[in-house]
Amino acid sequence: MSGDVTVQEVAGWDLPLLRGAVGTLGLVAERLLPWRIRLEALGRQLGTAECWSGPAGSTAAAAAEQLATVTSGVQTALDDAHGHLGGLVTEAAAAQHQAEWALAVAASVSLGLDAAGRPVPDLRQPTAAMAPDQRADLADRQAATGRVAASADEALAAAARVLTAAL
């Protein structure tokens, strides 16, 4: 569980925005390939003195080759980041689903929630003086509290993994 984020915050994460950002990163990485190919071709042309010769041509060819190498490295790094962030989006969606479910169940049985979004336990215990329907209602409420607590714990644990991996 994480003290840094609440169940309500996880339920409110803007996943479409996150998916869009990750998609844009993928597009940027894809767009680097044609530039790298152009730079490599330019370096070869400059290196064979087809269009420029002498020390200036050699320097220009070396610079184009360096740019192509750097572009390749940047593309590889962006591809790696894109893959990693794609996994984070999946994990964030799972965390959000758990958080939304926990909040919905809590609302459906009017459970109070603490500051982190976990249910406040109902400390009442069934007694012989209670009518059977009261005991059943209390048992149902306690079971719902357990389900909400488990789901909130899952959501917070997944959110902590996402936030840790994103750093």
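**View 1. Gln 96 reaches the backbone of Ala 11.** A polar atom in the side chain of Gln 96 sits 2.9 Å from the backbone oxygen of Ala 11. This is a predicted model, where local features need pLDDT of at least 70, side-chain atom pairs count only at pLDDT 80 or more, and totals for chains, interfaces and linings use all residues. Residues are numbered from 1 along each chain as its sequence is written, and side-chain values use heavy atoms, with hydrogens and water left out. Gln 96 belongs to helix H3 (helices are DSSP runs of H or I, at least four residues, numbered from the N terminus). Setting aside neighbours within four places in sequence, Gln 96 touches Val 10, Ala 11, Gly 12, Trp 13 and Leu 15 (contact means heavy atoms within 4.5 Å). Is Gln 96 buried or exposed? Its relative accessibility is 10%, so Gln 96 counts as buried (under 20% relative accessible area is buried, over 50% exposed, in between partly exposed, using a 1.4 Å probe and protein chains only).

**View 2. H3 and H4 cross.** The axes of H3 (residues 54-108) and H4 (residues 132-166) come within 8 Å and cross at roughly 155 degrees. Axes are lines fitted to C-alpha atoms, for helices over the stretch in contact, with angles from 0 to 180 degrees between N-to-C directions. H3 and H4 are therefore roughly antiparallel (that label goes to angles over 145 degrees).

**View 3. Gly 47 in helix H2.** Gly 47 is part of H2 (residues 15-47), and it's exposed, with a relative accessible area of 54%. Its C-alpha atom is 9.5 Å from that of Glu 65, 18 residues apart along the chain.

Conventions
Helix = DSSP H or I, 4+ residues; strand = E, 2+ residues; numbered from the N terminus. Parallel < 35°, antiparallel > 145°, perpendicular 65-115°, else oblique. Polar contact = N/O pair within 3.5 Å; in protein donor to acceptor, adjacent residues only side chain to side chain.
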